Amino acid sequence: MSTNSPTIPEGTARHVLWFFGQDGGHQPGSFTEHLLYALSFADMVNTAKIAEAYPDYAAAMVAAKLDPNGIASLQRIATGEAPLGCKCGDTDGPFDLQGRCETCAEAAA
């Protein structure tokens, strides 16, 4: 998985949605709760450091905090609704917020 354009699995999307009290969320374990808490306070330098180990969680938190459509995108990922498939034809996912499958996201990095 590329850290430049990480894919966000359904479970990660659900955890971040839970953290923000949004529909579709699911409470993670205590370690992940603390990770999300740290990411919620981290500046971009520290977010990048955390992203080296947890790129999917960092990307999902950045999307939720900074992208006006981030929560809606995470809700679609969490329900498996969108993206329905990558331009390459992959329908299995996981997909990043741009709708690319893991292979295409890695190729774009």
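**View 1. One salt bridge is found in a search of the whole structure.** A salt bridge here is a side-chain nitrogen of Lys or Arg within 4 Å of a carboxyl oxygen of Asp or Glu. The side chains of Glu10 and Arg14 form such a bridge, at 3.0 Å from N to O. Both residues lie in helix H1, four residues apart, about one turn of the helix. Helices are DSSP runs (H or I, at least four residues), numbered from the N terminus. Glu10 is partly exposed, with a relative accessible area of 38%, and Arg14 is partly exposed at 29%. Buried means under 20% relative accessible area, exposed over 50%, and partly exposed in between (1.4 Å probe, protein chains only). Side chains of opposite charge can pair when their charged atoms come close.

The model is predicted: local features need pLDDT of at least 70, side-chain atom pairs count only at pLDDT 80 or more, and totals for chains, interfaces and linings use all residues. Residues are numbered from 1 along each chain as its sequence is written, and side-chain values use heavy atoms, with hydrogens and water left out.

**View 2. Helix H2 has a buried face.** H2 (residues 30-41) has 12 residues and reaches 17 Å from its first C-alpha to its last, close to the 16 Å expected at 1.5 Å a residue. The expected span is 1.5 Å times one less than the number of residues. Thr32, Leu35, Leu36 and Leu39 are the buried residues of H2. Seen down the axis of H2, these residues fall within an arc of 95 degrees, so they line one face of the helix. The arc is that of the directions from the helix axis to the C-beta atoms. Ser30, His34 and Phe41 are exposed on the other side of H2. The buried residues pack against helix H1 (10-19), helix H3 (44-53) and helix H4 (55-66).

**View 3. His15 lies in helix H1.** At 16% relative accessibility, His15 counts as buried. Leaving aside residues up to four places away in sequence, His15 touches His26, Gln27, Pro28, Thr32, Leu36 and Tyr57. Contact means heavy atoms within 4.5 Å.

**View 4. The largest nonpolar core has 17 residues.** Such a core is a set of buried Ala, Val, Leu, Ile, Met, Phe, Trp, Tyr and Cys residues joined through side-chain atoms within 4.5 Å. Ile8, Ala13, Val16, Leu39, Tyr57 and Leu74 touch the most other members. H1, H2, H4 and helix H5 (70-79) each supply at least two residues of this core, and H4 gives the most, with five residues. Not counting residues up to four places away in sequence, Val16 touches Leu36, Tyr57, Ala60, Met61, Ala64 and Leu74.

**View 5. Three aromatic pairs are found in a search of the whole structure.** The rings of Phe19 and Phe20 have their centres 5.3 Å apart and their planes at 85 degrees, so the pair is edge-to-face. The rings of Tyr37 and Phe41 are also edge-to-face, with centres 5.0 Å apart and planes at 65 degrees. Rings of Phe, Tyr and Trp (its six-membered ring) pair if their centres lie within 6.5 Å; planes under 30 degrees apart count as stacked, over 60 as edge-to-face and the rest as tilted. Tyr37 is partly exposed, with a relative accessible area of 49%, whereas Phe41 counts as exposed at 63%.
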